[in-house]
Amino acid sequence: MAEKKTPNLKDGTRVYHVAKREDGKWAVKFAGGDKVIKLFDTQKEALEFTKVMAKNQDGKVLVHNSKGANKGKIKKK
């Protein structure tokens with residue numbers, strides 16, 4: 001059985017994911033969540049919204065690659 005991701009880090013930090021959907025929209029979700037918090041037409045809009053949410057909630061933002069061999073994987077900075 002696959003282990004389900006938890007929405008918080010061990011220290012209680014909220015984790016938000018920004019990922020491109022098959023329909024071309026950018027979705028913002030909690031880690032481990034099934035429901036989309038909000039949809040955006042561009043990655044920039046999604047990141048601006050998510051950064052504000054993460055700052056207000058003392059959270060963290062993770063962005064998934066949208067193209068290439070690493071599609072769907074979290075971007076490394």
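Me: What makes Phe49 count as partly exposed?
Reply: Its relative accessibility is 26%, and partly exposed is the band between buried (under 20% relative accessible area) and exposed (over 50%), with a 1.4 Å probe and protein chains only. So Phe49 lands in that middle band. Bear in mind that this is a predicted model, where local features need pLDDT of at least 70, side-chain atom pairs count only at pLDDT 80 or more, and totals for chains, interfaces and linings use all residues. Residues are numbered from 1 along each chain as its sequence is written, and side-chain values use heavy atoms, leaving out hydrogens and water.

Me: How do you know that Phe40 is buried?
Reply: Phe40 has a relative accessible area of 11%, and the cut-off for buried is under 20%, so buried it is.

Me: Why is the pair of Phe40 and Phe49 called tilted?
Reply: Rings of Phe, Tyr and Trp (its six-membered ring) pair if their centres lie within 6.5 Å; planes under 30 degrees apart are stacked, over 60 edge-to-face, and the rest tilted. Here the centres are 5.3 Å apart and the planes at 45°, so the pair is tilted.

Me: What makes Tyr16 and Phe30 an aromatic pair?
Reply: Their rings are 5.0 Å centre to centre, and the limit is within 6.5 Å. With 35° between the planes, this pair is tilted.

Me: Is Tyr16 buried or exposed?
Reply: Buried, with a relative accessible area of 1%.
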